[in-house]
Amino acid sequence: QLQRLKHFVSKKDMNIDGFGVRQVEQLMEEGLLQSPADIYKLEADELLHLERFGELSVQNLLSAIKTSKKVELYRFLFALGIPQVGEETAIRLANHFGSLQKIREATVETLVEAPDVGEVVAENVAEYFSDKNSQQIVDDLLEEGIQLQNPKKEKNFSSPFTNKTVVFTGSLQQMTRDSAKALIRNLGGSAAGSVSKNTDLVVYGKAAGSKLTKAKELGVETLTEEEFFKKIKPFK
């Protein structure tokens, strides 16, 4: 329960600024926090009497909680903590199905139709959304006002990275790794964390290591960071 809540509020998930491990543990001890939906029921009066919760920190925390209600579908999926559903898998599911309702209704057979979603992951997703406790968690969050932003599908758009799986390795100088991954997704591709036979391209920066070596062994196309940014320039 503690791990689930820590995961839910973290930066890559619901991104509730100022809601760290210490706050989660303290609110659980006080009996104010048991499930993710409880986060959205917190009120200033019950927080102000707690240790380490001053007026300004409470105000900032409640503001961050309110802001987090508007969240991209893939972030919400990732935040639920479904076994083996990492950020990239959540993105692929969101892009393939387009809405939470369609994912909730999906079967193992239809889930494996999403790019790079294998049978084990599909079984975990189907099992999660068929479990009554999990269903209650999701329903409670939606009742508290979570507004899911479904991915936008642009018609007739293509780029050199459409339907391509890209891996970034080494230290990038022109943008962060997360920003580069987001850019690839906006260009119709997907970003993976490891190199495999399904990888289409590896972009490498300074001090690139084993991923670049493996890409060359597998014959995967590689680009330096500079070459990559020249290639995407017309699409930025």
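Because the model is predicted, local features need pLDDT of at least 70 and side-chain atom pairs count only at pLDDT 80 or more, while totals for chains, interfaces and linings use all residues. Residues are numbered from 1 along each chain as its sequence is written, and side-chain values use heavy atoms, with hydrogens and water left out.

Let's start with the overall picture. The protein chain has 13 helices and six strands; helices (H or I, at least four residues) and strands (E, at least two) are DSSP runs, numbered from the N terminus. Its C-alpha trace spans about 60 × 40 × 35 Å along the principal axes. Of the 236 residues in the protein chain, 43% are buried, where buried means under 20% relative accessible area, exposed over 50%, and partly exposed in between (1.4 Å probe, protein chains only).

Now for a strand. E3 covers residues 165-169, and five of its five residues are buried. Thr165, Val167 and Thr169 point one way from E3, Val166 and Phe168 point the other way, and all are buried. E3 pairs with strand E4 (residues 190-192) in the parallel sense over three bridges; to pair, two strands need at least two bridges found by DSSP. Across that pairing, Thr165 stands opposite Ser190 in E4.

Next stop, Ser68. You'll find Ser68 in the loop between helix H4 (55-67) and strand E1 (70-72). Is Ser68 buried or exposed? Ser68 counts as buried because its relative accessible area is 5%. The side chain of Ser68 makes a polar contact with the side chain of Tyr40 (2.9 Å). That term stands for a pair of N or O atoms within 3.5 Å; within protein, one must be able to donate a hydrogen and the other to accept it, and residues adjacent in sequence count only if both atoms are side-chain atoms. Leaving aside neighbours within four places in sequence, Ser68 is in contact with Met14, Ile16, Tyr40 and Ile146.

Last, look at Glu87, which is in helix H6 (residues 87-97). Glu87 is a charged-type side chain by name, yet Glu87 counts as buried because its relative accessibility is 15%. Setting aside neighbours within four places in sequence, Glu87 is in contact with Lys12, Tyr74, Phe78 and Arg185.

Conventions. Contact = heavy atoms within 4.5 Å.
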